[in-house]
Amino acid sequence: MSERHPIISITGSSGAGTSSVTRTFQAIFRREGVAAGIVEGDSFHRFDRQEMRARQAEAERSGNRNFSHFGPDNNLFAELESLFRSYSERGTGRVRKYLHDPVEAAPYDQEPGTFTPWEDLPPDTDLLFYEGLHGAVVTDSLNIARHPDLLVGVVPVINLEWIQKLWRDKHVRGYSAEAVTDTILRRMPDYVHYIVPQFAHTHVNFQRVPVVDTSNPFIARDIPSADESMVVIRFANPKGIDFPYLLNMIHDSWMSRPNTIVVPGGKMEIAMQLIFTPFIWRMMERRKRALGAL
């Protein structure tokens, strides 16, 4: 953690909805004039798309049915922690981009599914913003979760998470339902050991809960809408959170526990704006004081 060079980390599994949270933070950054260095978690995968497919095929031939992007063997955990440490100490670090599709790849004259070269973060950023799979990973040899000043978990109930992934991978990426189901099953051990434990380290968790039947996510025809959901927001340390203000500003919300507020799904973005804007204000004020004391 660092007053001069703060870090915000959004963590959640594939299809959980972290990208939507990122868009909300980017809107806050624009409104508040905050210069953020953006880091995508996919850029810390170990292998590009083609090599990952080759290694997965090799793993399956050797009997390994649990080869996935969720575990340590296929990610650069040490490099990610090094980035967080470097940024918190000096406001610097090395990053790259993963080019998901032809639109992202075109400006770099590269193939989709490849990485851009490593390069330094832009100078004079106010904070580092990470969004991806492993922003709060803790293992026997490293602790990424200790570095961010704000850790946010995005974790829909599991059936909804699967529905969201199935819909995205089928309709956006062109995969079959069978292929997506195979991916879900293959990732499960790493999901249990490296994704779920992160949410014990987060400062705030957002969990979307559908209020429609999602008992069989593999035959769902669409994703439950925001109006068909509630969002459970849990604060690890509720001290300083103005719950009466949030309850007054977000209609039809209520407290389910002393550290937990429940809001209608359609109010998730406004809830994030109300909760995180003061966080950003305080971060920037502490940063200003710390830099002024140098």
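Two strands count as paired if DSSP finds at least two bridges between them, strands being DSSP runs (E, at least two residues) and helices likewise (H or I, at least four), numbered from the N terminus. By that criterion, β9 and β10 (residues 260-264) pair in the antiparallel sense over 3 bridges. The model is predicted, with pLDDT of at least 70 needed for local features and 80 or more for side-chain atom pairs, while totals for chains, interfaces and linings use all residues. Residues are numbered from 1 along each chain, and side-chain values use heavy atoms, without hydrogens or water.

**Sheet**
- The open sheet of 8 strands runs in the order β2-β5-β1-β6-β7-β8-β10-β9, with mixed pairing.

**Cavities**
- The whole structure holds 2 cavities of 30 Å³ or more, a cavity being a set of points on a 1 Å grid over the protein atoms alone where a 1.4 Å probe fits but cannot get out, with lining residues having an atom within 4 Å of a point; volume is the space filled by probe spheres set on the points, which are joined across faces, edges and corners.
- The largest cavity contains about 90 Å³ of space, and of its 11 lining residues the closest to the centre are F70, E161, W162, I184 and Y191.
- Helices α5 (158-171) and α6 (177-195) each supply at least two residues of that lining.
- The second largest cavity contains about 50 Å³, and its lining includes H45, N75, Y130 and H134.

Notes:
1 Å grid on protein atoms, 1.4 Å probe; cavity = no way out; pocket = protein on both sides within 12 Å on 5 of 7 lines; lining within 4 Å.
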